[in-house]
Amino acid sequence: MRVVTGVLGLLGALNGAVLRMGLWLALIALGAMVAVVIVQVWCRYVLGDALPWPDEAARFLMLWMTGLAAPWGLRHHGFVAIETLPSKLGPRAASALRLVLLSVALMVLSMALVLGWDHVQSGRLFASSSLRVPLGAVGGGSVPVKLAWMYLSLLVGVALMTSVTVELTLREVARLAGAGDALPDLAATDLPGAE
């Protein structure tokens, strides 16, 4: 059991640090997305001339925001869940049920990792129709953004969710083995700015 709690401690610290950084990046992406949408609304309705790139840029930012924030939500039970059955079971039975559900989630996430990787590879073949990186300041033209960068948000999100699911699975194994009291709490300490 000492090995499980040791691995759990390392994985928990790694997940906490990575998810904290991911949450900051998600907040930045959210702010940038709002700014891009405001620019588009201003150009379309005030100036009467819509820009070609803000819609796709906002979608790009939204996907990255989701991919970086969803693992934190999973770790802190922020997803929709039906808790009726586990609340009616004893602690050990509820822990066993959660372990079964986490095992199913790991199977689904492992399939999503493979599919996400394939999707990123196919995205390398295609470029965005309107999103371009302007390189005029350094003497170049504008380079279209490959769709792989957008699709990578799915792969990163699923990889982080897999890491969180492994951590939650190890927590349930420790609880079933009777070491649940020694586990660190997954309180909101990995929120940006929390102490």
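Which residues lie nearest the centre of the largest pocket? They are Leu74, His77, Ala81, Glu83 and Leu102, part of a lining of 26 residues. Before you set up any calculation, keep in mind that this is a predicted model. Here is a quick tour, starting with the pocket and moving out to the whole protein.

**The largest pocket**
- Its volume comes to about 820 Å³.
- Sorted by class, the lining residues are 15 nonpolar, seven charged and four polar.

**Helix H5 and what follows**
- H5 has 30 residues, so at 1.5 Å a residue it should span 44 Å, and the 44 Å between its end C-alpha atoms agrees with that.
- After H5 comes Gly178, which has a positive phi near 90 degrees.

**Fold and overall dimensions**
- The protein contains five helices and two strands, and along the sequence they follow the pattern α-α-α-α-β-β-α.
- Its radius of gyration is 21 Å, whereas a compact globule of 195 residues would have one near 16 Å.
- Along the principal axes, the C-alpha atoms fill a box of roughly 65 × 35 × 30 Å.

**Burial and contacts**
- Of the 195 residues in the protein, 34% are buried.
- Among contacts with a separation of 6 or more, 70% are between residues 24 or more positions apart.

Terms used
Residues are numbered from 1 along each chain as its sequence is written. This is a predicted model: local features need pLDDT of at least 70, side-chain atom pairs count only at pLDDT 80 or more; totals for chains, interfaces and linings use all residues. Side-chain values use heavy atoms; hydrogens and water are left out. On a 1 Å grid over the protein atoms alone, a cavity is a set of points where a 1.4 Å probe fits but cannot get out, and a pocket is an open set with protein on both sides within 12 Å along at least five of seven lines; lining residues have an atom within 4 Å of a point. Grid points are joined across faces, edges and corners, and a volume is the space filled by probe spheres set on the points. Ala, Val, Leu, Ile, Met, Phe, Trp, Tyr, Cys and Pro count as nonpolar, Asp, Glu, Lys and Arg as charged, and the others, Gly among them, as polar. Helices (H or I, at least four residues) and strands (E, at least two) are DSSP runs, numbered from the N terminus. The expected span of a helix is 1.5 Å times one less than its number of residues. The radius of gyration is taken over C-alpha atoms; the globule rule is 2.2 Å times the number of residues to the power 0.38. Buried means under 20% relative accessible area, exposed over 50%, partly exposed in between (1.4 Å probe, protein chains only). Contact means heavy atoms within 4.5 Å.
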